[in-house]
Amino acid sequence: MKILVTGGAGFIGSHTTLALLEAGHEVVVLDNLSNSSPVALERIEQLSGRTLAFIKGDINDRSLLDSLFAQHAIDAVLHFAGLKAVGESVAKPLLYYQTNVTGSLTLCQAMAQANVFTLVFSSSATVYGEPELMPINEDVPTGQPTNPYGRSKLMVEECLRDLAKSDPRWNIALLRYFNPIGAHSSGMIGENPNGLPNNLLPYISQVASGKLAELAVFGDDYPTVDGTGVRDYIHVVDLADGHLKALQAIAAKPGVSTWNLGTGKGYSVLQMIKAFEAASGLKIPYRIVARRPGDIAECWADTAKAEAELGWAAERGLEAMMTDTWSWIDRNPQGYTVVEK
């Protein structure tokens with residue numbers, strides 16, 4: 001198939017683009033490079049031994065989308081493009097709704113115009129809000145996300161459900177990620193956030209590379225194994241494989257299908273720090289600070305539905321996540337800024 005990957009130069013998009021090429025698909029990447037680098041695409045081509053088509057542009061640009069679909073016989077779209085920083089979404093909610101919600105609607109309008117009706121959407125476990133029971137399965141009601149980022153993902157989900165009800169030609173997968181981490185085992189592609197990281201492992205990584213002095217641990221008085229928050233972390237390569245399985249599953253399945261993509265187990269902040277220290281041989285300085293509003297004690301996925309319906313399960317454990325993360329950081333201390341020689 002010929003697949004359009006929006007946001008294909010980003011963290012998850014780049015690993016999925018590589019997986020698609022390795023599986024024999026043709027790939028067209030659309031990315032505005034606002035939080036990614038074209039170097040990632042160059043390295044994907046090196047790793048796969050194949051070429052991809054790259055178009056620099058934005059999903060809100062309808063004329064560009066129409067031109068793209070006219071030039072390329074696209075069979076399906078994997079939609080990663082969007083903003084994802086929780087803190088920034090609180091400060092700039094309209095930007096997040098414009099990019100994540102309006103951008104997704106513009107994409108769907110262009111797809112329909114081009115008679116492309118197969119879509120895999122990059123959603124998030126944040127759509128569950130603050131569920132009381134663990135683990136979280138797909139039947140848990142979507143709650144009240146605690147920030148505009150999460151609300152934007154839930155809004156797009158609801159829009160896509162309405163779209164599929166209105167037109168039976170649509171085959172849509174909603175993939176609710178838990179916490180993607182890790183990097184490709186080659187150390188050539190990985191996570192390269194702009195500015196101050198929002199998530200735990202990129203923050204640990206920047207402490208390890210000397211960009212930040214220490215890690216702030218938000219609360220040590222939760223009812224967990226060591227008092228720190230527990231989350232479900234999934235290796236980005238496992239996550240990429242989940243997209244390929246979802247794409248295959250919906251090819252002849254009209255309507256909307258929803259799957260959690262996680263590991264089904266949780267690790268605390270302190271366990272994550274210790275695992276990174278074991279992988280890197282470095283000491284990560286940290287200090288305990290007050291809890292953040294909206295944070296919950298524990299969160300992990302029930303992955304039974306994905307296992308049963310997609311034949312997919314995460315294969316890489318915490319040690320592999322940390323080893324691959326450290327390999328990426330060690331080879332690329334400045335991310336994609338400095339190209340290896």
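Thr118 counts as buried, because its relative accessibility is 12%, below the 20% under which a residue is called buried. This residue belongs to strand β5 of a structure that is a predicted model.

- Leaving aside neighbours within four places in sequence, Thr118 is in contact with Asp75, Ala76, Val77, Met111, Asn171, Leu247 and Ile250.
- One of these partners, Asn171, is located in strand β6.
- Asn171 also counts as buried, because its relative accessibility is 8%.
- Apart from residues up to four places away in sequence, Asn171 touches Phe117, Thr118 and Leu119, together with Ile250, Ala251, Lys253, Pro254 and Gly255.
- A polar atom in the side chain of Asn171 lies 3.3 Å from the backbone oxygen of Ala251.

**Helix α6**

- Helix α6 runs over residues 148–166 and contains 19 residues.
- From its first C-alpha to its last, α6 reaches 27 Å, close to the 27 Å expected at 1.5 Å a residue.
- The buried residues of α6 are Pro148, Tyr149, Gly150, Ser152, Lys153, Leu154, Val156, Glu157, Leu160 and Ala164.
- In an α-helix there are 3.6 residues a turn, so residues three or four places apart point the same way.
- The elements covering the buried residues of α6 include the helices α4 (86–91) and α5 (93–113). They also include the strands β5 (118–124), β6 (171–177) and β11 (255–261).
- At the start of α6, a side-chain oxygen of Asn147 comes to within 3.2 Å of the backbone nitrogen of Tyr149.

**The loop between β5 and α6**

- Val127 is found in the loop between β5 and α6.
- Val127 is buried, because its relative accessible area is 0%.
- Leaving aside neighbours within four places in sequence, Val127 is in contact with Thr142, Gly143, Pro145, Gly150, Lys153, Leu154, Glu157 and Arg176.
- Among these partners of Val127 are Gly150, Lys153, Leu154 and Glu157, which are buried residues of α6.
- Val127 and Thr102 are 25 residues apart along the chain, and their C-alpha atoms are separated by 18 Å.
- Pro135 is also placed in the loop between β5 and α6. A cis peptide bond joins Met134 to Pro135, with omega at about -5°.

**Helices α3 and α5**

- The axes of α3 (residues 62–71) and α5 come within 9 Å and cross at roughly 35°.
- The crossing in which α3 passes α5 is right-handed.
- On the α3 side, the residues that meet α5 are Arg62, Leu65, Asp66 and Phe69. Their counterparts in α5 are Thr106, Leu107, Gln109, Ala110, Met111 and Gln113.
- By class, this contact of α3 with α5 has five nonpolar, three polar and two charged residues.
- Met111 takes part in this contact and is also one of the partners of Thr118.

**Helix α9**

- Helix α9 covers residues 269–280, and its end C-alpha atoms are 17 Å apart. This agrees with expectation, because its twelve residues should span 16 Å at 1.5 Å a residue.
- The buried residues of α9 are Val269, Leu270, Met272, Ile273, Ala275, Phe276, Glu277 and Ser280.
- Gly281 follows α9 and has a positive phi, near 75°.

**The loop between β8 and β9**

- Thr224 is located in the loop between β8 (215–218) and β9 (230–231).
- Thr224 is buried, because its relative accessible area is 16%.
- Not counting residues up to four places away in sequence, Thr224 touches Val230, Ala297 and Glu298.
- The side chain of Thr224 reaches the backbone nitrogen of Gly227 at 3.0 Å.
- Thr224 and Arg50 are 174 residues apart along the chain, and their C-alpha atoms are separated by 46 Å.

- Most residues other than glycine have a negative phi, and most peptide bonds are trans.
- Leu33, which is not a glycine, has a positive phi of about 60°. Its place is in the loop between β2 (26–31) and α2 (38–48).
- Asn115, which is not a glycine, likewise has a positive phi of about 60°. Asn115 is placed in the loop between α5 and β5.
- Asn115 is exposed, because its relative accessible area is 56%, over the 50% above which a residue is called exposed.

Definitions and conventions: Residues are numbered from 1 along each chain as its sequence is written. This is a predicted model: local features need pLDDT of at least 70, side-chain atom pairs count only at pLDDT 80 or more; totals for chains, interfaces and linings use all residues. Side-chain values use heavy atoms; hydrogens and water are left out. Helices (H or I, at least four residues) and strands (E, at least two) are DSSP runs, numbered from the N terminus. The expected span of a helix is 1.5 Å times one less than its number of residues. Buried means under 20% relative accessible area, exposed over 50%, partly exposed in between (1.4 Å probe, protein chains only). Contact means heavy atoms within 4.5 Å. A polar contact is a pair of N or O atoms within 3.5 Å; within protein, one must be able to donate a hydrogen and the other to accept it, and residues adjacent in sequence count only if both atoms are side-chain atoms. Axes are lines fitted to C-alpha atoms, for helices over the stretch in contact, and angles run from 0 to 180 degrees between N-to-C directions. A crossing is left-handed if the near helix is turned anticlockwise from the far one by less than a right angle, and right-handed if clockwise. Ala, Val, Leu, Ile, Met, Phe, Trp, Tyr, Cys and Pro count as nonpolar, Asp, Glu, Lys and Arg as charged, and the others, Gly among them, as polar.
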